[in-house]
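Here are my notes on the model, as numbered points. Have the coordinates open while you read.

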Amino acid sequence: MADMHIRVLPNGPFEVTGGVPLDEKIIRPDGHGYRWENGRELEQREEYHLCRCGHSKNAPFCDGTHRQIGFVGRETAAKEPYVERAGYFQGPEIDLADDDRCAFARFCHSADLNGEASEAWSLAMTASSDAEIELAERVAGHCPAGRLTPKPHEKDFVEPDLEPGITVIQDPQKGVSAGLYVHGGIPLEGADREEYELRNRYVLCRCGSSRNKPFCDAFHVPMRYNDGFLPNDQPTGHVGTVPRQNAEAASPRSAEGDTY
């Protein structure tokens, strides 16, 4: 089997090679946090192309619609290393790195050890006992975008042990289809043939509307992106991405007041 690899094709889909496992998961509320629920079983291939324009009728796979609509998928994401992009929240025992590259999956929300609502930043900045440190590291590690990474003092960053694969995200609570969660350290190559920094976890945009391509920036929420396979508990009645002029001008964070 060839090495697993993802390449951004110019104004086209993501080319995935090396037999990367593909699945679908649904974000579900769970107390003060969130959990994954299994979605559809998707066809497994040695090589496949995943839609990047947001208009394929065979999502998550590309059906060539990007050519018909004249999709422009120019990459705008910074390529500086994570350690240079991130800011740091300092706690008594661990720091929390945050590069603000968010996909609005909301796994940064969790209960603390007392069962009260909390989130990754507060957990890290107050953790002192072994149990508190373990919880803070675990919650930060659940961030699919890789935005949050705990770093114990005088030690390296802590990353979860993830099997390689790509997860198609559905988010019926928000009434949208979300990005492509890439996990397990799969290399990503830009359209210019330059490799992005190798990361254990990141989320790629598949709605076509991210302002930080090729990565998801949560704009699938105000754009009301529905890939046509969104679970029916909160249907939007819309397939594809709405025209930008008709979308909410605000980002999900400013529109809803959520921390994510």
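**Notes on the predicted model**

1. Strands here are DSSP E runs of at least two residues, helices are H or I runs of at least four, and both are numbered from the N terminus. Two strands count as paired if DSSP finds at least two bridges between them. At one spot in this pair, D98 has L148 of β10 as its bridge partner.

2. Before going on, some ground rules: this is a predicted model, where local features need pLDDT of at least 70 and side-chain atom pairs count only at pLDDT 80 or more, while totals for chains, interfaces and linings use all residues. Residues are numbered from 1 along each chain as its sequence is written, and side-chain values use heavy atoms, with hydrogens and water left out.

3. The β7/β10 pair belongs to an open, antiparallel sheet of three strands, ordered β6-β7-β10. Its edge strands are β6 (87-90) and β10 (148-152), each pairing on one side only. The twist averages 25° from one strand to the next, using axes fitted as lines to C-alpha atoms (for helices, over the stretch in contact) and angles from 0 to 180 degrees between N-to-C directions.

4. The other sheet to look at has five strands, is open too, and runs β4-β3-β11-β12-β14 with mixed pairing. β4 (33-38) and β14 are the edges with a single partner strand each, so one side of each has no neighbour in the sheet. Here the twist averages 35° from strand to strand.

5. Is β14 covered or open on its faces? Both faces of β14 (residues 201-204) are covered: R201 and V203 on one side, Y202 and L204 on the other, are all buried. Buried means under 20% relative accessible area, exposed over 50%, and partly exposed in between (1.4 Å probe, protein chains only). In a regular strand, side chains alternate between the two faces of the sheet.

6. On packing, the largest nonpolar core has 25 residues, and L96, A120, W121, A136, L148 and V203 have the most contacts inside it. A core here is a set of buried Ala, Val, Leu, Ile, Met, Phe, Trp, Tyr and Cys residues joined through side-chain atoms within 4.5 Å. β7, α3 (120-126), α4 (130-141) and β12 each give two or more residues, with α4 giving the most, at five. A second, separate core has 21 residues, including V20, L22, L50 and V168.

7. Two cis peptide bonds are worth checking. One runs from A59 to P60, with omega near 10°; P60 is in the loop between β5 (47-50) and α1 (65-69). The other joins K213 and P214, with omega about 10°, and P214 sits in the loop between β14 and α5 (252-256).

8. F104, in the loop between β7 and β8 (109-111), has phi of about 60° and is buried at 1% relative accessibility. E154, in the loop between β10 and β11 (165-171), has phi near 65° but is exposed, at 80% relative accessible area.
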